[in-house]
Amino acid sequence: ERLPNTLNRDILYLCFLTPCNTSQVPSEDVIVKPGSWGEGRNDLLDFAMARGKHLNGGRGYRYYVFLDEDATKSIQGEHPWDKFESWLLSNEPAIGFLSDGTLWQTFPDLGEPFNVDAVVNAFHRNTLGSLLPYDNSLDNRSI
């Protein structure tokens, strides 16, 4: 399912290796690149940063939200993306993520065990340079 663009939301797509099913998406919103998962996320980040460089006095988007293709199918409820955006803007976490369906949260206190799957991650623009872009130097060693 395609997420809708809004006045406050631009949706950009990355397709790995071959064009993906984006028949209802303007071609200027899609890039096709080979590479690892992390390289793809970095390519998408670069694409989004270039697209948003004129926003917020040149500071770009407030959040860069990455989600896997299947996330749009697993997140249910009434206007979940609008609720997630409201939560981000009211709490302004450095990173927000999805856990257990539609529970939006930040990382717990240090020392508390947690598990984060990068199905949906939202990075505040202040994390650029420290948490993003991803370090892909060990991609050739991953299993």
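How far apart in helix α3 are Phe-84 and Trp-87, counted in helical turns? In helix α3 (residues 80–91) the two are three residues apart and are therefore separated by about one helical turn.

**Figure 1. Overview of the predicted protein.** This is a predicted model, in which local features need pLDDT of at least 70 and side-chain atom pairs count only at pLDDT 80 or more, while totals for chains, interfaces and linings use all residues. Residues are numbered from 1 along each chain as its sequence is written, and side-chain values use heavy atoms, with hydrogens and water left out. The mean pLDDT (the predictor's confidence in each residue, from 0 to 100) is 78, and 76% of the residues reach 70 or more. Confidence is highest in helix α1 (residues 37–52), at a mean of 90, and lowest in strand β5 (residues 103–105), at 59. The protein has three helices and six strands, which are DSSP runs numbered from the N terminus (helices H or I, at least four residues; strands E, at least two), and along the sequence they follow the pattern β-β-α-β-α-α-β-β-β. Of the 143 residues, 35% count as buried, where buried means under 20% relative accessible area, exposed over 50% and partly exposed in between (1.4 Å probe, protein chains only).

**Figure 2. Close-up of helix α1 and its packing.** Helix α1 has 16 residues and reaches 22 Å from its first C-alpha to its last, close to the 22 Å expected at 1.5 Å a residue, the expected span being 1.5 Å times one less than the number of residues. Among the buried residues of α1 are Arg-41, Leu-44, Leu-45 and Phe-47, and the buried residues of this helix pack against β1 (13–16), β2 (30–33) and β3.

**Figure 3. Close-up of the nonpolar cores.** A nonpolar core is a set of buried Ala, Val, Leu, Ile, Met, Phe, Trp, Tyr and Cys residues joined through side-chain atoms within 4.5 Å. Of the 13 residues in the largest one, Leu-44, Tyr-64 and Phe-66 touch the most other members; α1 and β3 (63–67) each supply at least two residues of this core, and α1 gives the most, with four. Apart from this core lies another, of 10 residues, among them Tyr-63, Trp-81, Leu-88 and Val-119. Leaving aside neighbours within four places in sequence, Phe-66 is in contact (heavy atoms within 4.5 Å) with residues including Arg-41, Leu-44, Val-120 and Leu-132.

**Figure 4. Close-up of the aromatic rings.** Rings of Phe, Tyr and Trp (its six-membered ring) pair if their centres lie within 6.5 Å, with planes under 30 degrees apart counting as stacked, over 60 as edge-to-face and the rest as tilted. By this rule the count comes to five aromatic pairs. The rings of Phe-84 and Trp-87 have centres 6.1 Å apart and planes at 15 degrees, so this pair is stacked, and Phe-84, at 1% relative accessibility, counts as buried. Trp-37, Phe-66, Phe-123 and Tyr-134 form one aromatic cluster.

**Figure 5. Close-up of backbone features.** Most residues other than glycine have a negative phi, and most peptide bonds are trans. The peptide bond from Leu-132 to Pro-133 is cis, with omega near 0 degrees, and Pro-133 is found in the segment after β6 (120–124). Asn-56, in the loop between α1 and β3, has a positive phi of about 50 degrees although it is not a glycine, and this residue is partly exposed, with a relative accessible area of 38%.
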